[in-house]
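Dear colleague,

I am handing over the structure below for your records. Please find my notes on it directly after the model.

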Amino acid sequence: MGAAHSNMTGLSQQGQGAFGTYASSVLFRKQRGGEGPAHRGAYVVSLAQEAKESSLVIPSVAEDAAPAADGAGQETEAPAAQAQTDFASAVLSKETDFLELPQPVRYEELQKECLMSLRPETFEGMRFDFTKPLNQSFSLSHSLQMGSAEMPTANPQQIVKVPVSSYEFGANLIGAKGMMIGRMLTDGRMSGRVKYDVNDSVSFKVQAQLAEEKQYSQTMFDCDVKGLDWNAQLKVGNNQFVGVNYFQSVTNNLALGGEAFYLGSQRKSGVGFALRHQGEPGIATCQVATTGLLSATYHHKVSDKVYLASEMMWNWNAREATAAFGYDYILRQCRLRGRIDSSGVITAFLEERLNVGVNFVLSAELDHYRKDYRFGFGMTVGME
């Protein structure tokens, strides 16, 4: 559901505001007595004079306002007045219209941009994925993987791996108002997901996973409600789990929200709060929860092809802190993602497009401290 209970369920995941701009613009109107061109021009001229006296470098304001300040019926007065008006209009346009705030992302998708770079789907061994569309709505998928799996040991530094192989069969049905996705593995595990959109504001979702081990079997029911500038979610799952979250846009760039959950089987509860600031160059998020977790991320768009991401997580109860840096480089024929964290683990994931619907995949993960090295290659055919 979020940072507050990310360690309790496997079915859910995880600046500056503009109040100052709005308040200053209101104060400006009150002090100047109106919003006419004369008031805007006087304000810009005084701003240019103050900047000149205090040695502040505001070339555009000083150059545009100087003719108006020194003007005595000169021909440059009209262009200067127009420049003053344009500048003042630009300042006023930064006001936040609280009746036209954007729809924020869902609380569970708070860090979705960073996760693309910081959580590449690495694997070890060989993997082959094939998807066969039968029509526009229905498709079948096949996945074969051969490699090794790490077995838990009493000594964390001791690594024991055993060879494993698995085959997964899937079916996907996607319609205009909902979808159904199912998966079945050779080891007996089954998973499914059903989503139905009642209308543009309300949707329901059910996720289930069944396994031979009781602790790995889970069920979760979600109800999502969206408003013009907010969204909320109610979650009910097995083990007497109940959760709720709410996310609200407070400015054009800033959204605030919170979550709460109760896990009856363990008699645990928690409350979390989150913020997300989305600007032109980057997206910053922060989450804090009473379970002792603090998470902060930043995603920066360098260009249309290069994205950078960073993450910091602090566990107050365990007195542990981790940090990670990731990148996402998109080329014409391939996509390269990777990360390096404070524990020294280096990860890289490459997707090379060989043809339409055919991708070659390379995966690598190096843990020099534990002497654990994982390499994999695969191919993906078809598109879901």
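This is a predicted model: local features need pLDDT of at least 70, side-chain atom pairs count only at pLDDT 80 or more; totals for chains, interfaces and linings use all residues.

Residues are numbered from 1 along each chain as its sequence is written, and side-chain values use heavy atoms, with hydrogens and water left out.

Strand pairing

Strands here are DSSP runs of E with at least two residues, numbered from the N terminus; two of them pair if DSSP finds at least two bridges between them. Strand β5 (residues 190-197) and strand β6 (residues 202-210) run antiparallel and are joined by eight bridges. They form a hairpin with four residues between them, and Ser-191 stands opposite Gln-209 in β6. Strand β6 also pairs with strand β7 (residues 218-226), again in the antiparallel sense and over eight bridges. Within that pairing, Lys-205 stands opposite Asp-222 in β7.

A further set of pairings involves strand β8 (residues 230-237) and strand β9 (residues 241-249), which are antiparallel and joined by eight bridges. Asn-231 has Phe-247 in β9 as its bridge partner. The hairpin of β8 and β9 has three residues between the strands, and Asn-239 takes a positive phi near 60° there. Strand β9 is in turn joined by nine bridges to the antiparallel strand β10 (residues 254-263). Four residues lie between β9 and β10 in their hairpin, and the bridge partner of Tyr-246 in β10 is Gly-258.

Nonpolar core

A nonpolar core is a set of buried Ala, Val, Leu, Ile, Met, Phe, Trp, Tyr and Cys residues joined through side-chain atoms within 4.5 Å. Buried means under 20% relative accessible area, exposed means over 50%, and partly exposed lies in between, using a 1.4 Å probe and protein chains only. The largest such core has six residues, namely Val-105, Tyr-107, Leu-110, Phe-247, Ala-255 and Ala-274. Contact means heavy atoms within 4.5 Å. Not counting residues up to four places away in sequence, Ala-274 touches Tyr-107, Leu-110, Phe-247, Ala-255, Leu-256, Gly-257, Cys-286 and Gln-287.

Thr-285

Thr-285 is found in strand β12 (residues 282-289) and is buried, with a relative accessible area of 5%. Its side chain is joined to that of Thr-297 by a polar contact of 2.3 Å. A polar contact is a pair of N or O atoms within 3.5 Å; within protein, one must be able to donate a hydrogen and the other to accept it, and residues adjacent in sequence count only if both atoms are side-chain atoms. Leaving aside neighbours within four places in sequence, the residues in contact with Thr-285 include Leu-110, Leu-275, Arg-276 and Ser-295.

Salt bridges

A salt bridge is a side-chain nitrogen of Lys or Arg within 4 Å of a carboxyl oxygen of Asp or Glu, and by this rule the count comes to 21. In one of them, the closest N and O atoms of Arg-370 and Glu-150 are 2.9 Å apart. Arg-370 lies in the loop between β18 (358-367) and β19 (372-381) and Glu-150 in strand β2 (residues 138-151), so the pair ties together parts that are 220 residues apart in sequence. Both are partly exposed, Arg-370 at 23% and Glu-150 at 38%.

Glu-351 and Arg-337 form another salt bridge, with closest N and O atoms 3.3 Å apart. Glu-351 belongs to strand β17 (residues 345-355) and Arg-337 to strand β16 (residues 334-341), 14 residues apart. Glu-351 is partly exposed at 25% relative accessibility, whereas Arg-337 is buried at 8%. Salt bridges that share partners also join Arg-106, Glu-108, Glu-109, Lys-205, Asp-222, Asp-224 and Lys-235 into one network.

Aromatic pairs

Rings of Phe, Tyr and Trp (its six-membered ring) pair if their centres lie within 6.5 Å; planes under 30 degrees apart count as stacked, over 60 as edge-to-face and the rest as tilted. The whole structure holds five aromatic pairs. One of them, Phe-204 with Phe-221, is stacked, at 6.0 Å centre to centre and 25° between the planes. Phe-204 lies in strand β6 and Phe-221 in strand β7, so the pair ties together parts that are 17 residues apart in sequence. Phe-204 is partly exposed at 32%, and Phe-221 is partly exposed at 35%.
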